[in-house]
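Please keep the sequence and the coordinates at hand while reading.

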Amino acid sequence: RSVNNAQPEDIDALADLIEKQIHQGLPPAAIGEIGLDYFVEDYDQALQTFYFTEQLKLAERFELPVILHVRRSIDDVLKHLRQHKVRGGIAHAFNGSLQQAEQFIELGFKLGFGGAMTYPRALKIRELASTLPIEAIVLETDAPDIPPEWLKNGEKNSPAQLKKISEIMAELRSIK
């Protein structure tokens, strides 16, 4: 959403900030959330791609992992990750196929599973959550977005839901 307000010089400002933090002994943990969102039709894909690749270049330069926003754009994101060798990271709110999951994992990424996984009808996500290597998964709430199945009537999603999300994951994986 903020891509329409971004300016190319913002990339230089971000690079300067990262350098400053590194020199102060406070390097960032990752660059993100960055990525591509093809869900909203009026988002400028070319502009998104420009900023995404520039941010990947920064992650490469500073050897930082990235936190990825991938919404209806998995194949394009994977294409750019093959071109820019970053230190892995997290594909947040993963909602792809087994083949796509395996490609992210091969590139050093963890896959984020959260609220969407709690819906019994989310068969594909639940299957992946139950069969992918556990070390390739991170649990998340994506609060306030993507609420778990049990939040009704506008109840607010929050990190407090993580315990119950982890219980669903354990149940799916038959972990006691």
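In this predicted model, the buried residues of helix H6 pack against strand S4 (109-113), helix H5 (123-131) and strand S5. The residues of H6 that are buried include Ile165, Ile168 and Met169, together with Ala170. H6 itself spans 162-172, and strand S5 spans 137-139.

Lys163 pairs with Glu167, with the closest N and O atoms 2.6 Å apart. The two residues are four apart in H6, about one turn of the helix. Lys163 is exposed, because its relative accessibility is 58% and the cut-off for exposed is over 50%. Glu167 is partly exposed, at a relative accessible area of 39%.

Past the end of H6 comes Ser174, with a positive phi near 55°. Ser174 is not a glycine, and it is located in the segment after H6. Its relative accessibility is 64%, so Ser174 counts as exposed.

Arg72 is another non-glycine residue with a positive phi, about 55°. Arg72 sits in the loop that runs from strand S2 (66-71) to helix H3 (74-83). Is Arg72 buried or exposed? With a relative accessible area of 63%, Arg72 is exposed.

Two packed helices are described by the angle between their axes and the distance between the axes. The crossing of H3 past H4 is left-handed. On the H3 side, the residues in contact are Ile74, Asp75, Val77, Leu78, Leu81 and Arg82, and on the H4 side they are Gln100, Gln103 and Phe104. By class, the contact of H3 with H4 consists of five nonpolar, two polar and two charged residues.

Helix H2 (residues 45-61) contains Gln48. The relative accessible area of Gln48 is 6%, so this residue is buried. Which residues does Gln48 touch, not counting those up to four places away in sequence? They are Val3, Gly35, Leu36, Asp37 and Tyr43.

Glu54 is buried at a relative accessible area of 19%, because the cut-off for buried is under 20%. Lys57, at 39% relative accessibility, counts as partly exposed.

How many salt bridges does the structure hold? It holds five, and one of them joins the side chains of Lys152 and Glu149, at 3.4 Å from N to O. Lys152 is partly exposed, with a relative accessible area of 41%. Glu149 counts as partly exposed too, at 29% relative accessibility.

Finally, the cis peptide bonds. One joins Gly32 and Glu33, with omega about 10°. Glu33 is placed in strand S1 (residues 31-37). Another cis peptide bond joins Ala143 and Pro144, where omega is about 5°. Pro144 lies in the loop between strand S5 and helix H6, and H6 is the helix whose buried residues pack against S4, H5 and S5.

Terms used:
Residues are numbered from 1 along each chain as its sequence is written. This is a predicted model: local features need pLDDT of at least 70, side-chain atom pairs count only at pLDDT 80 or more; totals for chains, interfaces and linings use all residues. Side-chain values use heavy atoms; hydrogens and water are left out. Buried means under 20% relative accessible area, exposed over 50%, partly exposed in between (1.4 Å probe, protein chains only). Contact means heavy atoms within 4.5 Å. A crossing is left-handed if the near helix is turned anticlockwise from the far one by less than a right angle, and right-handed if clockwise. Ala, Val, Leu, Ile, Met, Phe, Trp, Tyr, Cys and Pro count as nonpolar, Asp, Glu, Lys and Arg as charged, and the others, Gly among them, as polar. A salt bridge is a side-chain nitrogen of Lys or Arg within 4 Å of a carboxyl oxygen of Asp or Glu.
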